[in-house]
Amino acid sequence: MSRLYVARNPRVAARSLDGEMMIMSGRDSTLFTLNKTATILWQAADGATPLDEIVSEKICREFEVQPGEALHDAETLARELADHGILQISEQPISPTTSMAGGSR
Amino acid sequence: MPSTTEVERLNLVIEIGGMPVRLHTSDAAFIAMLQERYSGYVGSSSRDSAVEFDVELIPPGTRPSDADVRVTTRQGRWKIERGDFQAEWEPARGRGWIRQVANPYSIDALLRIVHTLVLAKDGGFLLHSASAIRNGKAFLFAGVSEAGKTTISRLAPPDVTLLTDEISYVRKQGEAYVAFGTPFTGELAKLGENVSAPIDTLYLLSKGPENRIDSVSQAEATRSLLANLLFFAEDEELVQAIFHSAFEFVSRVPVARLTFVPDIRVWELIG
């Protein structure tokens, strides 16, 4: 079974405030607010770490959830975020590109 | 002596938020229509303006459609389109054109869009909110349709100067934010006064059983501000700019939730 890689789309504006991740699409300025799971996924989406590793290392440690179930949910979430242009997903590692997104505070 | 084929070019300066926009047309009736529509916002014709548009009027019914607005940029030129008009604007030259039928609505949309583009580069923005000045301070009342923008404007006592009941004009001046009056009206259909004041507080409106002010988290304040921004451009650089401007605004201007009943006593809490 192939592994899935996820990367933050550099063409969005993103910023974390009080632990809440807000993202605005650079394409159509739609605003998204990520929940805790999606925020963990977003922050870990470096294009080099496989999704299953993000799930086992980050998500399963934060939430009491079975790895298989968590991976299924994470894949669904990643595809939804990709549909909105927030994440990039690929079966190959994704080369880093210059991020335009701002930092957090 | 001019030949009989020469057409006299007329122009009108509309100055909102301290930014003059000059419109050129050969149609005197259209100029008169705009002078009435933007009463209080018509600037001196000798005023220098960094933004100028040639208005080409087309016969009624030529371009009617329900197409939504699209604002795109390519090679330094903005293309602005909606069902009822087409326009282009080249900021480096300060010149553009609009093709529309003779109504005030198309120009109104164009002005809003051009102002959002100019403001975004300087840390300012247009916001879905009513705004008013009391005791030398500006107060903004943000909310979606039906949140109460027009209601709170209508309830304003005589010592309050109304800037708008629909779209607020926010500029960053140094470290402060200033609200300007706008001619962009909502249900009240009354032009705001063409004056300005430093912004004291942004209130997030909601209707409820009593008048009260509650604090909100910075995250909620920012999310609400972002949700109420007027922005149309499909341009990553400007989206980045306006996104970060919202965070900057919230870090400098107090934001609170204002719950109110449709009663003039809500103004006892403001100012």
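Predicted model: local features only at pLDDT ≥ 70, side-chain atom pairs only at ≥ 80, totals over all residues.
Me: What makes domain 1 and domain 2 of chain B count as being in contact?

Reply: Two residues are in contact if their C-beta atoms, placed from the backbone, lie within 7 Å. On that test, 19 residues of domain 1 of chain B are in contact with 19 residues of domain 2 of chain B. On the domain 1 side, S5 and helix H2 (104–121) of chain B each supply at least two residues. The largest share of that side, eight residues, comes from H2(B). Sorted by class, the domain 1 side that touches domain 2 of chain B has nine nonpolar, eight polar and two charged residues.

Me: And the two chains, how many residues are in contact there?

Reply: Here 15 residues of chain B are in contact with 16 residues of chain A. Helix H4 (218–228) and helix H5 (236–252) of chain B each put at least two residues into the side of chain B that touches chain A. That side of chain B has seven nonpolar, five polar and three charged residues.

Me: Why do S3 and S5 of chain B stand at the edges of their sheet?

Reply: Look at the order: the open sheet of eight strands in chain B runs S3-S1-S2-S4-S8-S7-S6-S5, with mixed pairing. Strand S3 (42–43) and strand S5 (70–74) of chain B each have a single partner strand, so one side of each is left without a neighbour in the sheet.

Me: What makes S2 and S4 of chain B a pair?

Reply: Two strands pair if DSSP finds at least two bridges between them. Strand S2 (residues 19–25) and strand S4 (residues 51–57) of chain B have four, in the parallel sense, and Val21(B) has Val51(B) in S4(B) as its bridge partner. Lying across S1 (10–16), S2, S3 and S4 of chain B is helix H1 (residues 28–37), at about 15° to S1(B).

Me: Which way do S3 and S4 of chain A run, and how many bridges join them?

Reply: S3 (residues 20–25) and S4 (residues 31–34) of chain A run antiparallel, joined by four bridges. Ile23(A) stands opposite Phe32(A) in S4(A). The hairpin has five residues between the strands, and Ser29(A) takes a positive phi near 55° there.

Me: Why are H1(A) and H3(A) called roughly perpendicular?

Reply: Helix H1 (residues 36–44) and helix H3 (residues 67–83) of chain A pack at an angle of about 75°, with their axes 11 Å apart. Angles of 65 to 115 degrees count as roughly perpendicular, and H1(A) and H3(A) therefore get that label. Thr37(A), Ala38(A) and Leu41(A) of H1(A) meet Ala74(A), Leu77(A), Ala78(A) and Leu81(A) of H3(A). Those contact residues divide into six nonpolar, one polar and no charged.

Definitions and conventions
Residues numbered from 1 in each chain as written. Chains lettered and ligands numbered in written order. Nonpolar A, V, L, I, M, F, W, Y, C, P; charged D, E, K, R; others polar. Axes fitted to C-alpha atoms, helices over the stretch in contact; angles between N-to-C directions. Parallel < 35°, antiparallel > 145°, perpendicular 65-115°, else oblique.
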